[in-house]
Amino acid sequence: MRDEHTKIAIACQGGGSHTAFTAGALQRLLPEIARPEYDLVGFSGTSGGAICALLGWYGHVDPDLSPGALLGEFWTDLKATTPADRFVNDFTVGLIELRTMGVGLPQYSPSQTPAGRMAERELRSLLERHIDFERVRSLSDTIRDRRQSEDVVLPALLVSAIEVLTGDFRVFRGHEMSADTVLASAAEPGIFDAVDVDGGHYWDGLFSKNPPVRDFSMSDDIPDPDEVWLIQINPSTRSNVPRSQAEIADRRNELGGNTALEQEVEFIEQVNEWVDAGYLPDRYTHTDIRRVRFDEELRWSTKLDRSPDLIDELFRTGRERAGSFLADRAADARPTNYSEDP
């Protein structure tokens, strides 16, 4: 019976290169979710998390693809491996390090230098090399039709961005997916120009839903999940009070990303209270938020670092933390056997 299945949604927080951790975690989580006791209701993501969510969704729903392989191939291509790539990568990371330390350097907008446009072209080329966006939209349309005509649970895809001029949040669905919508979610100000989509001008989704969580419960065509597996990149806590300019910049970046995330989580917790009190219709269920945490205190500048060693280490850590997450979840679900005293 379908009611016996656990409905899972996966939400991927943004974090630049740190979301290689997310890719590694998805490689470990998705084979687990393919088991028959689960129904996967959707993926969501923001910025680098949006890219991982899209790759995971695409590999999961296309029978000719493997999500684990797709994630690995994309991030392998993203690494700075050639001498020229390594030089540009090291220069960029070093420049960000100096700025976060308070060193006075000339400030240029992405529209004043070719660097931002070059980075956008390279990321667009990489996305289009690994993702057939026409195929993505077609698969999404098929999934929407099957949800309406059949008693079947199939995963939605949600990617967030913010409209620069109006400040309105937007969540792009699978049938709207293109290189532009993904770039819009990843367009961090100061690095990329705002990306035009449907006449709107969009910046990084880190300013809005990071990642979308409440939309799983608010969308009429998505079954309310029993659990959201939230892959969190920014650490919730720090071991020491930030004192230096660099430490303050690092923590401000983390808190900025987590503020949007916690607003999404607080909404779900409020809905849970209403569900438990019997205030809402039966289609709404109690949704547990379970987190796969990165929780490493890395410098903000490393979110732009494409060094192969860093990417590989993040992948390994993601797989390990996801494995621990699944083991802990299984232990929580295991019934405890009590023996009577003789």
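A crossing of two helices is called left-handed if the near helix is turned anticlockwise from the far one by less than a right angle, and right-handed if clockwise. The structure examined here is a predicted model, in which local features need pLDDT of at least 70, side-chain atom pairs count only at pLDDT 80 or more, and totals for chains, interfaces and linings use all residues. Residues are numbered from 1 along each chain as its sequence is written, and side-chain values use heavy atoms, with hydrogens and water left out. Helices (H or I, at least four residues) and strands (E, at least two) are DSSP runs, numbered from the N terminus.

Helix 1 (residues 20-33) passes helix 3 (residues 67-78) in a left-handed crossing. The axes of the two helices come within 9 Å and cross at roughly 165 degrees; here axes are lines fitted to C-alpha atoms, for helices over the stretch in contact, and angles run from 0 to 180 degrees between N-to-C directions. Helix 1 and helix 3 are therefore roughly antiparallel to each other, a label given to angles over 145 degrees. On the helix 1 side, the contact (heavy atoms within 4.5 Å) is made by Ala20, Ala23, Leu26, Gln27 and Leu30, and helix 3 contributes Pro67, Gly68, Leu71, Gly72 and Trp75. An α-helix has 3.6 residues a turn, so residues three or four places apart point the same way. By class, this contact of helix 1 with helix 3 has seven nonpolar, three polar and no charged residues, with Gly counted among the polar ones.

Turning to the strands, strand 3 (residues 156-163) and strand 4 (residues 169-173) pair in the antiparallel sense over five bridges, where pairing requires that DSSP finds at least two bridges. Leu158 stands opposite Arg173 in strand 4. Five residues lie between the strands of this hairpin, in which Gly167 takes a positive phi near 75 degrees.

Ser47 lies in the loop between strand 2 (38-46) and helix 2 (48-61), and Asp295 in the loop between strand 8 (288-293) and helix 10 (308-333). With a relative accessible area of 6%, Ser47 is buried, whereas Asp295, at 37%, counts as partly exposed. Buried means under 20% relative accessible area, exposed over 50%, and partly exposed in between (1.4 Å probe, protein chains only).

Key
Parallel < 35°, antiparallel > 145°, perpendicular 65-115°, else oblique.
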